[in-house]
Amino acid sequence: MKSFYKFYAAVIALILFIFAVANSILLKIEKGDAGRPYRVEVERLAKEIEEKGLENISLGKYQYIINIDVCQSCSALQGRKGKDRLKEKKVFYEGSGNDYIIRKVGPTLFRFDYRFSAGSGRSNLAIAVNAALGVMSLLIFAILAYIQHNILKPFQSLRQVPYELSRGNLAVPIKESRHRYFGKFAWGINMLRENMEQQKQRELALIHDKKTLVLSISHDIKTPLSAIKLYAQALSRGLYKDAAKKMEIAESINDKADEIEKFVSQIIKASNEDFLNLEAKQEEFYLSALVHKTSQYYKDKLSLVRISFSVGSYEDCILKGDFDRSIEVLQNLIENAVKYGDGHSIELLFAEESGCQLVTVKNSGCTLSETELPHIFDSFWRGSNAGSNAGSGLGLAICRQLMHLMNGDIFAEIQGDAMCITLVFIKS
């Protein structure tokens with residue numbers, strides 16, 4: 001806010017400077033000929049008299065000139081110069097109640113009577129200019145006050161929230177608001193905080209459950225493991241001479257090994273379960289909305305890296321599923337196409353089959369072998385074409401789980417040198 005107040009002070013200083021400059025210009029105008037507009041009208045009338053004659057002149061369009069007369073002592077005045085001439089002019093028109101100017105038009109002298117208050121026109125101009133500047137200043141102050149009250153002040157109350165969330169303080173209060181600019185932002189931050197808090201609780205519960213499971217299974221493993229060790233020691237010392245007894249011991253060791261294998265399978269299963277605790281809503285949305293939101297983002301992004309991006313023709317329809325999750329899946333597939341393709345082209349293709357809408361992401365430059373294709377949707381699996389590209393091996397596994405949650409499906413195929421991954425949506 002200190003920066004804004006400095007800016008506010010700078011704006012006030014600039015406005016005061018503009019006022020000072022404008023009024024100084026007006027003062028110069030007052031001192032110059034520009035402050036005597038009746039002179040301009042006299043010159044215009046002199047030209048009109050010379051061109052049209054006095055009888056054809058109308059004073060209706062002139063603001064300051066109120067009368068025109070021909071000087072009766074024209075010859076006497078024409079013979080004099082300087083101060084004597086001016087003195088006789090003043091004497092001749094001494095009884096006139098108006099201000100006047102004498103101008104020679106051809107061989108004739110004309111008297112132009114005018115009415116002009118020395119300060120009225122100038123003061124009116126100054127008032128108008130200062131009024132306009134005042135209105136402009138008030139408008140600027142109103143805009144700045146609006147920005148301060150409706151944008152900066154609400155933002156001040158929210159700027160610490162991301163920092164507190166990054167520190168793990170999930171209890172930071174966020175005031176709900178229907179603010180025009182930050183209402184949705186505050187609501188989104190609050191939803192993020194709640195989701196992080198729920199995720200933290202789920203992680204703590206998962207850690208507790210897994211620790212409990214590991215301790216329980218570890219205890220259960222000790223019993224068959226101890227039996228195996230005893231049988232192995234007895235056999236190594238030759239305590240059993242009978243072949244039938246040795247066979248019985250071998251079978252017991254095998255049974256105990258099966259028990260341990262079962263416990264290990266449980267540990268592996270528990271490790272794989274719930275680490276992708278995803279949710280998806282069941283709603284309806286238009287295919288065109290899905291395509292538009294995706295293509296709008298990637299057309300600009302891919303053009304920057306010079307990857308050709310094209311969208312095939314399709315007939316709009318209503319799909320079942322979660323719109324936001326569908327965007328997430330489609331974006332994941334296009335990001336993979338950018339990462340593992342050859343950078344030449346990416347296409348969005350569409351087809352219909354058995355009441356389902358197929359959306360395919362096709363990229364050129366597939367380097368994955370056919371034998372690896374069945375594993376690309378497995379958790380933590382990465383293909384031989386991963387190279388130095390960073391990744392966790394979870395992207396396509398997440399896509400498959402989300403599509404299944406929306407009662408859809410996903411599959412992949414290799415077409416020549418192109419990789420095609422297709423999403424299957426249920427049509428409404």
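I noted the cut-offs before starting: buried means under 20% relative accessible area, exposed over 50%, and partly exposed in between. The model I looked at is predicted.

**Overall.** I counted 11 helices and 10 strands in the protein. Of the 428 residues, 31% are buried. The accessible surface is about 27100 Å², and carbon and sulfur atoms hold 55% of that.

**Asp 69 and Arg 111.** I looked up this salt bridge and found the closest N and O atoms 2.5 Å apart. Arg 111 is in strand β3 (residues 108-114) and Asp 69 in strand β1, so the pair ties together parts 42 residues apart in sequence. Asp 69 counts as partly exposed because its relative accessibility is 29%. Arg 111, at 9%, counts as buried. I also noted that salt bridges with shared partners join Asp 69, Arg 111 and Asp 113 into one network.

**Other salt bridges.** The count for the protein is seven. One of them joins Arg 103 and Glu 43, with 3.1 Å between the closest N and O atoms. This pair links distant parts of the chain, with Arg 103 in strand β2 (residues 99-105) and Glu 43 in helix α2 (residues 37-52), 60 residues apart. I then checked Lys 61 and Glu 48, which form a salt bridge at 3.2 Å between the closest N and O atoms. Lys 61 is exposed at 53% relative accessibility, whereas Glu 48 is buried at 12%.

**Surface charge.** I found a patch of negative charge on the surface, where Glu 251, Asp 255, Asp 258 and Glu 261 gather. Glu 251 sits in helix α8 (residues 243-272) and is partly exposed, with a relative accessible area of 47%.

Definitions and conventions: Residues numbered from 1 in each chain as written. Predicted model: local features only at pLDDT ≥ 70, side-chain atom pairs only at ≥ 80, totals over all residues. Heavy atoms only, no water. Patch = residues over 30% accessible without salt bridge, like charges linked within 9 Å, V, L, I, M, F, W, Y side chains within 5 Å. Areas by Shrake-Rupley, 256 points an atom, 1.4 Å probe, with all protein chains shown as cover. Salt bridge = Lys/Arg side-chain N within 4 Å of Asp/Glu carboxyl O. Lys, Arg positive; Asp, Glu negative; His and termini not counted. Charge placed at Lys NZ, Arg CZ, Asp CG, Glu CD. Helix = DSSP H or I, 4+ residues; strand = E, 2+ residues; numbered from the N terminus. Buried < 20%, exposed > 50% of the residue type's maximum accessible area, 1.4 Å probe, protein only.
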